[in-house]
Amino acid sequence: MTISPARAILLRLHDVMASKTSAQAKLNAVVATVAEQLDSEVASIYLLRDGVLELYATKGLAQDAVHVTRLALGEGLTGVIAATREPLNLAEAREHPDFAFKPETGEEIFHSFAGVPIIRREVAVGVLCVQHADPRQYDDVEIEVLQTVAMVLAELIAGAGLIDDVAAAKARAQASGAVRLPGLKLVDGLARGTAVFHQPRVVIEHTVADDTEAERARVYGAFARMREQIDHMMNQAEFAGGDTAEVLETYKMFAYDEGWSRRINEAIDTGLTAEAAIERVQQRTRARMRSIADPYLRERLTDLDDLSNRLIRIVSGQLGSAARSGLRGDTILLARNLGPAELLEYDRRVLRGVVLEEGSLTAHVTIVARAMGVPVVGRVRDLRTTIADGDELLVDGSAGAVLVRPSPAMLASFAATSALKAKRQAEYAKLRDLPAVTADGTRITLMMNAGLQGDAAALDATNADGIGLFRTEFQFLVSATLPRRERQTALYRAVLDAAGTRPVVFRTVDIGGDKAVPYMRERDHEDENPAMGWRALRLALGRAGLMKVQARALLEAGAGKTLSIMFPMVSEPWEFDAAKALVEEQRDWLVRSGRPLPAQVRYGAMLEVPALAEVLDVLLPRIDFLSIGTNDLTQFLFAADRANPVLADRYDWLSPAILRFLRRVVVLCDAHATPLTVCGEMGGRPLEALALMGLGVERLSITPAAIGPIKAMVRSVDVAAVRTAMTRWLAVGNPAIRADLAALAGQANVAIG
Ligand code: PEP
Ligand code: MG
């Protein structure tokens with residue numbers, strides 16, 4: 001049986017790698033094998049040392065040149081290969097504009113040249129090349145063989161300590177230079193730090209197989225597991241809908257693609273390990289990606305790249321996210337997308353910023369990051385291809401951009417922007433003890449949103465009027481199991497203690513939608529459209545046990561105090577009644593058993609489902625307060641998934657449809673004297689908050705970082721003028737309210753940032 005050249009070489013390399021000789025002797029054996037198998041006069045290995053490519057081993061060139069000939073990155077053909085990480089295949093090397101002649105090597109007699117980069121952790125750490133006396137083009141199979149050998153070399157030189165990974169990363173940074181990646185601003189703020197991929201790339205330690213059949217079995221097993229995982233994801237309610245569904249469809253297509261598994265199998269036939277075979281095929285995909293201009297096709301190849309990473313992680317058993325590895329203190333997290341629970345796995349003390357390929361303004365991961373005070377830029381393309389783990393990054397959440405491997409000029413301008421921001425923050429801090437009263441005397445209540453125990457500290461830092469929305473489900477999201485009642489009580493009590501005399505509004509759990517809790521998946525049905533599915537109050541009423549435990553925890557924590565409880569996603573008044581009855585039942589039980597009770601329990605509803613607005617006159621007399629959740633409300637009003645990045649900037653919070661809707665609610669609440677708060681993200685943005693005040697909203701619950709900017713806006717505005725303008729614009733359905741309101745604010749010197 002004839003064996004392929006790749007297999008023949010790998011069989012030889014297997015022995016070389018296993019031999020007990022020095023690293024230099026192994027390199028010499030590799031070049032001898034390559035030269036012989038590719039029928040070439042010359043085979044050479046250059047390795048990166050101190051940022052320069054040094055000839056480490058050669059068969060065919062003058063031996064005196066070894067460790068003497070050196071080339072800068074980008075210098076000569078070898079330097080170009082290392083700098084571009086692309087192979088070169090030339091029948092006549094001298095005709096290439098970058099050809100550099102090194103007399104000490106004696107290479108003047110050679111015509112043809114082929115070389116490939118040696119890549120480790122996506123960094124070119126060396127070059128393997130062959131030369132031939134006669135002009136001839138190496139064929140594709142031979143280039144493939146060189147690339148396979150280069151993979152083995154990467155393992156050999158890393159194992160022998162011939163390259164220093166950090167130095168190599170630095171060298172690449174110098175070679176690849178600074179890049180500015182534009183994106184969508186999701187959470188304001190600036191951060192400087194080091195790139196960490198949420199799903200780290202596996203570094204392949206063994207490339208040459210001992211037992212090809214065993215490697216084949218490992219790949220089969222990994223394919224089966226990956227297909228299972230993808231089928232499972234597709235079935236999971238929280239993954240359905242929007243872009244994610246489309247991505248999963250593509251994943252599925254690739255996961256079951258015979259061509260892909262066949263190519264991996266062929267790579268295994270050559271003698272590679274399972275990991276190395278997958279990576280070998282992945283390298284080819286990447287090479288294709290670089291040459292494809294069509295954005296749609298590129299995106300699909302990125303999906304395949306993602307999936308290759310998953311397959312390598314499965315086969316190597318390295319499944320954890322970066323959250324579980326020892327993180328640097330200046331981590332900038334990079335991911336395609338994250339769920340809020342995944343983000344909460346990271347230690348907030350080391351997390352400086354987040355960069356996502358997807359993401360939207362009101363997705364819960366964004367809300368959580370905002371609460372953590374971590375800047376986020378979303379919708380950034382080509383993360384994997386432009387950034388490597390360990391690259392220096394600047395995240396500009398205010399401009400919506402990421403600067404990769406920043407230049408000195410970029411760093412200087414970043415420092416200037418940071419200083420300006422710090423100055424602004426200092427100005428906001430000065431407002432801390434001043435009341436949020438408009439220039440014409442309207443007191444605006446500014447409360448903050450919270451969800452974790454640590455958040456309560458922001459009450460003092462901001463001097464907010466209270467917590468207008470405590471998202472109790474966050475405790476559920478950060479727990480591996482359902483939090484027991486004692487733990488719930490302890491959290492609520494700690495938050496009430498921290499708040500002192502300031503009010504706290506606890507919202508009962510809003511699980512579901514993009515807030516999936518793995519230990520509470522509904523087994524008997526799957527939501528096709530989870531935001532509109534079995535979530536929030538619907539789920540809580542369906543699982544009365546859960547609601548009862550939470551009610552008891554709240555009532556016990558609120559003993560002797562005023563307890564405010566709010567129900568999410570109320571769609572019809574009876575749902576509020578049923579939820580209140582569940583809490584009252586628990587209160588009666590406490591009365592009967594002589595336990596301490598809250599001094600007062602106030603019940604509120606969230607207006608997030610438009611249908612409720614049509615029956616608000618029925619509900620208002622039964623409730624103590626109403627809070628508008630604009631994140632959900634607007635997604636339902638516009639039928640536009642709040643987590644779908646494609647729709648992220650499609651509909652405007654300042655559109656007449658939303659503002660008219662809100663005004664009707666304000667008018668009704670006024671008529672019933674029901675306190676009304678807006679607690680969605682909309683209220684935390686100065687221009688949007690100004691519009692809300694123009695509708696008559698006087699209570700906002702916002703992210704803590706927004707308290708300063710919103711108070712500055714409030715104190716600088718004459719709200720009567722805005723009300724007049726708003727009435728006029730809404731009457732005619734003005735489509736340009738954003739621009740007109742900004743102009744009005746500009747003329748009146750309103751601080752809208
Ligand atoms: C909202 O929907 O506006 C809201 C405040 O609730 P959440 O963002 O938690 O869904
Ligand atoms: Mg909501």
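The points below cover the basis of the values, then ring pairs, then charges over rings.

1. This is a predicted model, in which local features need pLDDT of at least 70, side-chain atom pairs count only at pLDDT 80 or more, and totals for chains, interfaces and linings use all residues. Residues are numbered from 1 along each chain as its sequence is written, chains are lettered from A and ligands numbered from 1 in the order in which they are written, and side-chain values use heavy atoms, with hydrogens and water left out.

2. The structure holds six aromatic pairs (ring centres of Phe, Tyr or the six-membered ring of Trp within 6.5 Å; planes under 30 degrees apart are stacked, over 60 edge-to-face, the rest tilted). Phenylalanine 223 and tryptophan 260 are edge-to-face, because their planes meet at 75°, with the ring centres 5.2 Å apart. This pair joins helix 6 (residues 212-235) to helix 8 (residues 258-269), across 37 residues (helices are DSSP runs of H or I, at least four residues, numbered from the N terminus).

3. Phenylalanine 223 is buried at 3% relative accessibility, and tryptophan 260 is buried at 1% (buried is under 20% relative accessible area, exposed over 50%, partly exposed in between, with a 1.4 Å probe and protein chains only).

4. Phenylalanine 638 and tyrosine 651 are stacked, 4.4 Å centre to centre with 20° between the planes. Both lie in the loop between helix 23 (630-637) and helix 24 (656-672), 13 residues apart. Phenylalanine 638 is partly exposed at 24%, as is tyrosine 651 at 37%.

5. One aromatic cluster is formed by Phe470, Tyr492 and Phe506.

6. Arginine 136 lies over the face of tyrosine 138, 4.1 Å from the ring centre. The charged end of arginine 227 sits over the ring of tyrosine 256, at 5.0 Å from its centre (NZ of Lys or CZ of Arg within 6 Å of the ring centre and within 35 degrees of the ring normal).

Conventions: Helix = DSSP H or I, 4+ residues; strand = E, 2+ residues; numbered from the N terminus.
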